[in-house]
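Hello,

Here is the structure I promised to hand over. Please look through it alongside the notes that follow.

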Amino acid sequence: MALLKRLIDWIDVRIGARDIAAKELTGYLLPRNINTWYSMGSILLFIFAMQVVTGILLLIYYVPDADKAFKSVTFIMNEVPFGWLIRMCHAVGSNMMVLVLLFHMISVLFMNSYKSPREMNWLTGFILFTMVQGISLTGYLLPWSQLSFWATTVATNSANAIPVVGPYLVEFLRGGKLVGPPTLGRFFALHVALIPAGIAALVGAHLFLLQRTGVSTPPFGLKDTANRWQGDGYRYESHPGGIPFFPNYALEDLRSIFIYLACFLAVVYFDPYLFFTRDSFLPANPLQTPAHIKPEWYFLANYQTLKIFPSEFIGLAVQGAGMTFLALLPFIDRTTERHPLKRPLFMICAIGGIMLWIGLSVWGHYS
Amino acid sequence: MHLSGSLLILFALLLPVASFAAEPAEIVCIQCHATMPGKIGEPVKLWKGSIHAENGIACNACHGGDPKDAANAMSPARGFLGAPKEPAIPAFCGRCHVGVLKDYLASAHGRALGKGGPTCVTCHSNHLVVKASLEIINEKRCSQCHSFERAKTIRDAMQETEAMIVAMDKRIAAYKGEGVDTEGLEKGLFAVRNRFHTLFHNVDVGMVKKESAGIQGDLKKIQDQIKALDDSRQQRKIAGAVAVSAMLLLALFAHLLRKTFD
């Protein structure tokens, strides 16, 4: 212990570590009515770190070559010590990341925390959501399985619906007329370098914005739930008399992370094939189309929307309009009230929207 | 800022999902024949439920022709063979099933070819050819030509082995669907199954019984490998239970520790 103290002292006199800890940890106060939903961001950070670590471990044996990719994944799953565990953690983790991200966004939505001055927090979060979808989609191709190949074939084909530039875009995405080795190279680069770097940068921006605006106060259990910020000047939302982030809320975060890990490991060990179909374990065969190609669960609503409309372009435009509306929600919803129960129209729209998304996903699954 | 942000989001979000409904084109044989009524269209429906369809073996693999050019699809110049006459059927199928052809020709069935004896399609049917199994040897089929008695004796002798092969095949397929490298197991079972299937065209009861016993010995070795996989899965579940319990305990510990700071 004396050695540890000496080490901390050594660092402290050089960079003022105790000052930083006092300001950002023990002195960083959070609202007294903070709830468990505020832990979603910490869980997401933990998942992202796990994805990076398992991804790096997979890179040791994975070969991004169309002739060798499937075999290398099979090797990881069967020959590498604990390779199956690392791969399953990575694959299940990607699905969990989308799921927890949805919970995080829904909690922010219902607590109206996206309202000014937090427009940029919402927007960076929304872009992060699209990037997580992007990293999941590009990762899908890498095992070079039947599912990877055909799901990517139909997914890249989607760009054809964009007027004028569509066909050129498809060729650009695929690196040729058809999905093939150049597509794998492109998706690999996007998956392991470009998108993770983008996500890391945006996570940094998201945390910076959080640090600058302060943590929002949940609207529950308060008499006055109106947003008092007028936009007349910079304001940091401090919480005098609040609970310290460390150790109090850090322990709550830790508890949430352990509960998440229990759920995550239960899936990994007891039902790891929840997110896989049989085609996920067959090598890609460009000459044999699987009977039914369905996207991942989080794309099912988009998939079904495209099928509802008579033209693919209309389906795309409707989704585009819906998503643009969501992305720009803080700029559209300028009301000051933050308690969802005092906003019946908002509640109807939000719950209706979630039900519609679930309904479309279920329909897409069974269609 | 708003416009570029929306365009970026629109592009990033929608690009991966559109047009999942698009289906790749089928070969011209199926495109035309599937829409035709009666006898000309029926083979397509039958073929779709066959083992050939399951393995991607389409019309042109047997009948020749050009599956990509509708105008010349059935041109002899492009190798179109059409349907074989009855005595030519074994040779037609035997282009791929070489070993089976040899067994068949050596059997009583094969020796009766052209003299009223059965051909491949008599027992296996033509377009709706399914995975060979002992079910093929049944009273309805065999009694088309002779009594079922002898065939039944042979079938009973092979029943146990067949049941073992079918059960193992299912287990291996299930493991394959979980990402297990089943190549070795599949190859092993394929070899044993082929050896076993050579007996299908044999009508010597004594030989069938003797060979079946030897085949069962080989199957036992494959079964041991499947058992090892079962054991490793069981161990993983035990490890999983420990890991999940540990996480829940840690969550409880963090919760109780947090309470001490209230």
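Below is what turned up on salt bridges.

Please keep in mind that this is a predicted model. Over all chains, the count comes to 25 salt bridges.

Start in chain A. Arg18(A) and Asp12(A) pair through their side chains, with 3.2 Å from N to O. Arg18(A) is partly exposed, at 39%.

Next, Asp224(A). Its salt-bridge partner is Arg228(A), and the closest N and O atoms are 3.0 Å apart. Asp224(A) is partly exposed, with a relative accessible area of 44%. Arg228(A) is exposed, at 55%.

Now go to chain B. Asp224(B) forms a salt bridge with Lys220(B), with 3.2 Å between the closest N and O atoms. Why can these two residues meet? Side chains of opposite charge can pair when their charged atoms come close. Both residues belong to helix 13 (residues 205–259) of chain B; they are four residues apart, so about one helical turn separates them. Asp224(B) is partly exposed, at 42% relative accessibility. Lys220(B) is partly exposed too, at 44%.

One last item takes you back to chain A. Lys5(A), Asp9(A), Asp12(A) and Arg18(A) form one network, joined by salt bridges that share partners. The Arg18(A) and Asp12(A) pair described above is a salt bridge between two of its members.

Best regards

How values were computed: Residues are numbered from 1 along each chain as its sequence is written. Chains are lettered from A and ligands numbered from 1 in the order in which they are written. This is a predicted model: local features need pLDDT of at least 70, side-chain atom pairs count only at pLDDT 80 or more; totals for chains, interfaces and linings use all residues. Side-chain values use heavy atoms; hydrogens and water are left out. A salt bridge is a side-chain nitrogen of Lys or Arg within 4 Å of a carboxyl oxygen of Asp or Glu. Buried means under 20% relative accessible area, exposed over 50%, partly exposed in between (1.4 Å probe, protein chains only). Helices (H or I, at least four residues) and strands (E, at least two) are DSSP runs, numbered from the N terminus.
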